[in-house]
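Please read them with the structure open.

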Amino acid sequence: MSDVVTRFAPSPTGYLHIGGAHTALFNWLFARRNGGTFLLRIEDTDRERSTPEAVKEILEGLAWLGITWDEDPFFQTERMERYRAEAGRLLAEGKAYRCVCTPAELDARREAARARGETPRYDQKCRELRPSQTEGKAFVIRFRAPLSGTTIVRDLLRGDVAFDVGELDDLILLRSDGSPTYNFVVVVDDASMGITHVLRGDDHLNNTPRQILLYEALGYPLPRFGHFPLIHGIGGGKLSKRQDDVSVTSYRDRGYLPEAMINYLVRLGWSHGDQEIFSLEELTGIFSLENVGKSPSRFDPERLLRLNAHYIKTGSPERLARLLVPFLKKRGIEAEPSPWLAKAVRTFQERSRTLSEMADSSVYYFRPKDPDPKAAAKFLTPEMAPLFEEIAREFAALSEFTPATIEAVLHRAAENMGAKLGKVAQPIRVALTGGTVSPGIFEVMEVLGREEVIRRLTHSSATIRKN
RNA sequence: GUCCCCAUCGUCUAGUCUGGCCAAGGACACCGCCCUUUCACGGCGGCGACCGGGGUUCAAAUCCCCGUGGGGACGCCA
């Protein structure tokens, strides 16, 4: 048994987005690959913005993707005592101090520093205050960071990155209401949860030296760190919930398959030679940090869509039929997973990129559709009425109604007209499906069944004659 | 502004650590052709990149330096 322990630590302030899922996936894969443990920690210390709905949505998203966690999720709001105790310890040891600067004062000084072109940083005003001077005032607890020196982050992916400690800050550990802040809880939690590998997005690289200082002050052993490249939005820059469509569950709801999402995500910043298609299971055997790149990538919905098309095309019809049912229901079609539905699905696997598309384009399997006016004008011409009737009669006389016997009938009809098959097939397509685009017409008829085909052809010819 | 990271086709990337096999490979997108009852799928072909400049070397996409560009971080958010 390996001793690798990784985690994904989302803050439940919204849905699970592409970036979070990417981070979760890499952590999960690294743990699974190394026979380790993957944990979930819900960073809900920001009570204002955290919601139980977001927690549910995030867990659902992960489960949908097939990313499984090994223990019940940890909730930071349930661990407050631990944070306060650790902060108290630092205070007692002189490694932290009380600061009575108010948010307004800090804001003003920060702005002034910026105006002067300096790095906004806490000016350490309260660093040497005596206890009597903080008496009766609201205070926060600040970390007494070393004043000088260099902290080196030994990053698994980027090598050694040096930070001048002077650039760092006396960060706030406990707010005036006693709640802990991010950099502090992360350290306390990662250490107490036994996290061995902290793998996260590049945007946290700057936080790492601060956290290392905290590890040292608290006397915790250091985990290994690895920062992988961020996923940028379509316009470049951080993914934006406004510009980019990045909610994982929204993709699910639009008919994307989890394996497509996983496959898409894993190839962002990671590669395995020229291979493009990976299953989750396969990944747990080959994923390696060594093949993780360094430069950011850009979210490309087109590529995700294409991958989804691939998985729809190659997926099992039975499973897709099952997944399709709710999409049909949304369109007012009550269907059950069945061999028949699987057969219907099969005719659309090569021409649907999402389950939504499949549901949209297959409605005529479930109920007749009025022909598109333009298609009707072009194909449902008067001379088609007798043809439809003739073909319907021949279908009725067939001993077996299969693509092969259907094809024979249509070919004969075309020959009699001295025309190509298309001359006959296209009008029939319109009569049967209401449009000019569909799967192969013989397959469509097989799915529809002889009775329904005859009914629709008869109905169409009657309509033609009426006009 | 300060600090940090990054830099190969439009996009995802292989190649960079361990220089020569790279007149740079694959995939998506795009364009053309073929297949074909429509649409797709598929097949074949095309377009298309080593950010710039110096250096090191017999040899640089690969190593070093400087520019430039992009990104991230600088909260009593996480």
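**Notes on the predicted model**

1. Start with Thr347, which sits in the loop between helix H13 (339-346) and helix H14 (355-361). The model is predicted, so read each distance below as computed from it.

2. Is Thr347 buried or exposed? Thr347 is buried, because its relative accessible area is 5% and the cut-off for buried is under 20%. Its side chain has two polar partners to check. A polar atom of that side chain lies 2.6 Å from the backbone oxygen of Ala344. The side chain of Tyr365 makes a polar contact with the side chain of Thr347 at 2.8 Å. Leaving aside neighbours within four places in sequence, Thr347 is in contact with Tyr365, Pro439, Glu443 and Val447.

3. Next, Leu410. This residue belongs to helix H17 (residues 403-417). Leu410 is buried, with a relative accessible area of 0%. Which residues does Leu410 contact, leaving aside its neighbours within four places in sequence? They are Ile391, Phe395, Leu421, Val424, Ile428, Ile441, Phe442 and Met445. Take Val424 from that list. Val424 is 14 residues from Leu410 along the chain, and their C-alpha atoms are separated by 7.0 Å.

4. Now the RNA. There are 65 residues around RNA strand B, and Gly117, Arg175, Gly269, Glu350 and Arg351 come nearest. Sugar and phosphate supply 71% of the RNA strand B atoms that come within 4 Å of the protein. By class, the surface near RNA strand B has 23 charged, 22 polar and 20 nonpolar residues.

5. A polar side-chain atom of His232 lies 3.1 Å from a sugar or linking oxygen of RNA strand B. For Asp274, a polar side-chain atom is 2.9 Å from a base nitrogen of RNA strand B. Ser438 uses its backbone: a polar backbone atom there is 2.5 Å from a base nitrogen of RNA strand B. The elements giving two or more residues to the surface near RNA strand B are helix H4 (103-115), strand S7 (159-164), helix H6 (182-192), strand S12 (297-298), helix H11 (301-314), helix H18 (421-433) and helix H19 (441-448). H18 gives the most, with five residues.

6. S9 (residues 197-201) and S10 run parallel and are joined by five bridges. Arg200 has His227, in S10, as its bridge partner.

7. Why is S10 largely enclosed by the rest of the structure? Four of the five residues of this strand (residues 224-228) are buried, so the rest of the structure largely encloses S10.

Key: Residues are numbered from 1 along each chain as its sequence is written. Chains are lettered from A and ligands numbered from 1 in the order in which they are written. This is a predicted model: local features need pLDDT of at least 70, side-chain atom pairs count only at pLDDT 80 or more; totals for chains, interfaces and linings use all residues. Side-chain values use heavy atoms; hydrogens and water are left out. A residue is near a molecule or strand if one of its heavy atoms lies within 4 Å of it. A polar contact is a pair of N or O atoms within 3.5 Å; within protein, one must be able to donate a hydrogen and the other to accept it, and residues adjacent in sequence count only if both atoms are side-chain atoms. Ala, Val, Leu, Ile, Met, Phe, Trp, Tyr, Cys and Pro count as nonpolar, Asp, Glu, Lys and Arg as charged, and the others, Gly among them, as polar. Buried means under 20% relative accessible area, exposed over 50%, partly exposed in between (1.4 Å probe, protein chains only). Two strands pair if DSSP finds at least two bridges between them. Contact means heavy atoms within 4.5 Å.
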